[in-house]
Amino acid sequence: VEDGSVLMNCTIGARCKIGKNTKITNACIWDNVTVGDGCVLDSCIACSEVTIMNNVTVSEGTVLSYGVKVSAGHTTMPYSRVWVGETNDPAAVGAE
């Protein structure tokens with residue numbers, strides 16, 4: 001966990017990397033997840049092997065499935081589900 005980051009009421013798995021000035025609240029982060037600098041994760045789930053680039057907002061109720069990569073600067077819609085190569089969230093166009 002880098003400088004300036006805040007983790008509140010969350011579970012962080014093994015071998016995760018949390019960037020600078022990131023805020024994670026009420027979230028479940030599985031193993032081997034990378035979260036970039038300046039991100040906000042609120043009441044969400046990030047499954048194993050997820051990569052969240054810098055300045056991403058993962059909104060309440062969002063589930064990022066195994067291996068998803070969310071490009072820098074994107075914001076998910078609340079309660080969206082994002083899979084590798086597929087999403088039901090039009091605002092998550094940065095998901096790969």
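**A chain built of strands**

Read from the N terminus, the elements of the chain run β-β-β-β-β-β-β-β-β-β-β-β-β-β. That comes to 14 strands and 0 helices. The model is a predicted one.

Some of these strands join into a sheet. Strands of a sheet pair through backbone hydrogen bonds, and the pairing may be parallel or antiparallel. Here, 4 strands form an open sheet in the order β3-β6-β9-β12, with parallel pairing. The edges are held by β3 (17–18) and β12 (69–70); each has a single partner strand, so one side of each has no neighbour in the sheet. Within the sheet, strand β6 (residues 34–35) pairs with strand β9 (residues 51–52) over 2 bridges, in the parallel sense.

Of the contacts between residues at least 6 apart, 4% join residues at least 24 apart.

Next comes the surface. The chain has 96 residues, and 36% of them are buried. Its accessible surface comes to about 4,900 Å², and carbon and sulfur atoms account for 51% of that.

The cysteines are a last point to follow. How many disulfides does a search of the whole structure find? The search finds 0. A disulfide needs two cysteine sulfur atoms within 2.5 Å. For C16, the closest cysteine sulfur is that of C28, at 9.6 Å, which is too far for a bond. C16 counts as buried because its relative accessibility is 18%, and the limit for buried is under 20%. C39 is also buried, with a relative accessible area of 1%.

Key: Residues are numbered from 1 along each chain as its sequence is written. This is a predicted model: local features need pLDDT of at least 70, side-chain atom pairs count only at pLDDT 80 or more; totals for chains, interfaces and linings use all residues. Side-chain values use heavy atoms; hydrogens and water are left out. Buried means under 20% relative accessible area, exposed over 50%, partly exposed in between (1.4 Å probe, protein chains only). Contact means heavy atoms within 4.5 Å. Accessible areas come from the Shrake-Rupley method with a 1.4 Å probe; for residues, only the protein chains shown count as cover. Two strands pair if DSSP finds at least two bridges between them.
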